[in-house]
Amino acid sequence: MTPLRVLVVDDEQLARDELCYQLEQLAEVEAVAQAGNGIEALSAATRHGPDLVFLDIQMPGLSGFEVARRLLEREEPPAPALVFVTAF
């Protein structure tokens, strides 16, 4: 079985580390990349082609909502599934 490829996006390193740690406990999930802001998230999504993105809402630069909009509007399908994660 091919693992679910996940991108974790949050401007707080500790939050990214904890979520990646939790995801790595699941054999069917592979955290392929992390990003600390919206620009990095778009680049990582293009580079790694994740199936799922865990996306913080409030980040410097592009918000999670803006990142989501851009991911869903990209020309290269399929768009990843999105899960918003936030402490806000």
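This is a predicted model: local features need pLDDT of at least 70, side-chain atom pairs count only at pLDDT 80 or more; totals for chains, interfaces and linings use all residues.
**Entry 1: Asp 10**

Leaving aside neighbours within four places in sequence, I found Asp 10 in contact (heavy atoms within 4.5 Å) with Ala 15, Arg 16, Ala 35, Gly 36, Asp 56 and Met 59. Asp 10 sits in the loop between strand S1 (4–9) and helix H1 (13–24); helices (H or I, at least four residues) and strands (E, at least two) are DSSP runs, numbered from the N terminus.

Next I checked its charge partners. Asp 10 is buried and has no salt bridge; buried is under 20% relative accessible area, exposed over 50%, partly exposed in between (1.4 Å probe, protein chains only). A salt bridge needs a side-chain nitrogen of Lys or Arg within 4 Å of a carboxyl oxygen of Asp or Glu. The nearest side chain of opposite charge is Arg 16, 5.8 Å away (Lys and Arg count as positive, Asp and Glu as negative; His and chain ends are not counted). I also saw that a polar side-chain atom of Asp 10 lies 2.8 Å from the backbone nitrogen of Glu 12.

**Entry 2: Gln 34**

I then moved to Gln 34, in strand S2 (residues 29–35). Gln 34 counts as partly exposed because its relative accessibility is 36%. Beyond four places in sequence, its contacts include Leu 7, Val 8 and Cys 20.

I number residues from 1 along each chain as its sequence is written. Local features need pLDDT of at least 70, side-chain atom pairs count only at pLDDT 80 or more, and totals for chains, interfaces and linings use all residues, while side-chain values use heavy atoms, without hydrogens and water.

Technical notes:
A polar contact is a pair of N or O atoms within 3.5 Å; within protein, one must be able to donate a hydrogen and the other to accept it, and residues adjacent in sequence count only if both atoms are side-chain atoms.
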